[in-house]
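Biologist: I'm new to this one. Could you put it on screen and walk me through a helix?

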Amino acid sequence: MRSLRLPWSGGTTTMSGLLADGDGRRFSPAPMARMSGAGEWAAAPRRDRPVGAVRERLAFPGLMMIAVSVLLTITIGLLGPSPMVPALGGPGWQPPYSLAAGPDPYAVIVLAAAAVVIGGLGLLAALAAGPRPVPSPRLLVLLGCLAAGVLAFLPPSGSGDHLNYAAYGRMVTLGVNPYTHGADDLPGDPIADAVERPWREEPSVYGPVATALQALASWIGGDSLRLTIFVLAVFNVAAFVVTALLIDRFTRHDPARRTRAALLWAVNPLLLYHLVAGMHADTLAIACMVAALLARAHPVRSGVLLGLGVATKLNAGLVALGPAWELRRRPGRLAVMAVSALAVVVVGYTIVGPEAIAPVTTTSKAISHASFWKLVQGWLWALVAPGSAYRGEIQVGALVVLALVAWPLLRLASQRASAGQGAAAAGGLQAPVVAAALVVAYLFATPYILPWYDGLAFGMLALVGASAVDGFMVAHLLVLSLAYLPARVDGQPPGVEWLSGVLRPQIAWALLALTVLLVVWAWRAGGPVRRPRASAAPPP
């Protein structure tokens with residue numbers, strides 16, 4: 001069987017086993033050095049090949065770059081209001097806290113760019129080094145959770161989405177439907193007035209579970225935007241930490257996978273930048289979906305968790321296809337899980353009303369500015385006719401790209417199952433593998449993509465084996481992060497309009513190239529395994 005040395009997989013991986021099954025208890029890792037203890041560096045044996053030694057030397061600089069990136073993210077919030085950090089009204093003694101230092105606006109944007117680039121490159125280096133020279137995975141998880149806890153007490157940074165969350169919760173407490181009204185419908189309100197353009201007229205696009213938590217935060221925070229945001233941050237950080245602990249527990253039987261999982265989630269500097277410091281609702285949905293995959297032995301429990309995830313953010317429902325595939329030969333258990341999930345979703349949307357359905361599905365028809373589908377739209381204007389949105393044609397194209405990525409990834413995993421390697425051989429593809437392949441394919445194919453959407457893929461990848469897909473996803477998130485730097489519209493200093501007006505559209509070319517590379521790699525890796533021809537010469 002062919003083997004392929006991947007630049008970020010931490011070793012040599014068979015072509016039929018790049019996507020490992022999700023059963024951490026039955027996974028048989030390659031021989032590796034044991035971690036000596038929390039915070040200590042393992043003395044890894046010298047590799048025979050020089051490239052192995054070079055790769056292991058990447059561990060220390062990679063971890064240092066991750067640490068620098070996280071510290072830069074913390075610094076941005078600590079400095080207080082800036083182009084990266086919206087100001088929060090309310091009593092100063094209430095959390096979150098900052099120095100209110102009034103930093104130079106250009107310097108803060110540079111700090112954010114440095115945090116993204118340094119963090120992304122550091123993560124790639126740490127993943128390439130493999131587990132042997134990396135400190136205890138338990139320590140990595142602890143440090144990641146600690147960093148998330150610190151960020152909860154700092155003002156959110158990167159975008160102004162958290163202001164929308166607070167406004168939607170405020171509407172619920174005042175008896176206004178957030179699915180039919182926007183912030184402009186509450187003039188003079190201390191919470192709604194903080195929402196930035198162009199979102200002031202937009203109703204909520206989040207599910208009933210997210211809206212319920214936003215309403216609870218508003219009820220606790222009252223007229224204080226500061227306290228409302230802090231309560232939302234506590235919910236968000238709790239979801240991030242719970243996800244980190246669940247992933248760590250799932251991979252605890254294999255130190256190699258445990259270390260990689262910690263890098264992909266707990267100490268991932270790009271996720272800390274977007275999901276925690278940026279305080280996006282995606283974190284809540286990811287926590288539900290990771291928990292649902294790990295609880296799939298209990299159909300009711302898993303179904304309820306799947307329903308909660310879908311009722312938080314609709315696109316998380318793609319993960320449900322993983323358990324559905326795994327249980328396709330057990331229709332009774334599949335029916336119980338599906339009914340449990342559907343019941344949660346139906347109850348949630350019944351409570352908030354049918355008006356919530358239309359706004360939640362609006363993003364499925366939109367095309368984000370950094371998406372390579374914007375380029376396709378421009379080509380259609382030039383070749384066919386300008387003016388038309390071509391949304392239908394682009395949606396069809398997106399489905400084709402999704403299939404071009406998902407099919408070879410699933411075939412690759414299926415090859416591993418048919419070869420009898422791991423638990424997948426007995427019962428087919430495992431739910432985390434199917435979910436990871438579909439989510440990755442969706443994120444590369446969807447016309448509407450934002451950086452924090454990638455968090456769902458990292459949550460799935462942390463549950464499966466290492467592969468080149470790790471590197472593709474890190475590169476995808478790194479490029480998207482630069483495209484939306486900063487993601488805010490208001491409060492930007494003069495002279496930085498080119499970041500959104502020029503750089504963002506040009507980055508679509510990088511995403512297009514990355515997608516093409518992924519498609520080519522996936523089809524080559526998932527192709528038929530070439531077997532050497534038997535020699536016609538007699539044995540010696």
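Biologist: How many of the 15 residues of H18 are buried?

Modeller: Buried means under 20% relative accessible area, with a 1.4 Å probe and protein chains only. Helices are DSSP runs of H or I, at least four residues, and strands are runs of E, at least two, numbered from the N terminus. H18 is largely enclosed by the rest of the structure, because its buried residues number 14 of the 15.

Biologist: What sort of model is this?

Modeller: Residues count from 1 along each chain as its sequence is written, and side-chain values use heavy atoms, leaving out hydrogens and water. Local features need pLDDT of at least 70 and side-chain atom pairs 80 or more, while totals for chains, interfaces and linings use all residues, as the model is predicted.

Biologist: How far does H18 reach from its first C-alpha to its last?

Modeller: H18 covers residues 431-445. The expected span is 1.5 Å times one less than the number of residues, which comes to 21 Å here. The model's H18 is close to that, reaching 21 Å.

Biologist: Which residues in H20 does H18 meet?

Modeller: Contact here means heavy atoms within 4.5 Å. From H18, Val440, Leu443 and Phe444 take part. Their partners in H20 are Val469, Phe472, Met473 and His476.

Biologist: And how many residues does the chain have, and what share is buried?

Modeller: Its secondary structure comes to 21 helices and two strands. The chain has 540 residues, and the buried share is 57%.

Note on methods: Buried means under 20% relative accessible area, exposed over 50%, partly exposed in between (1.4 Å probe, protein chains only).
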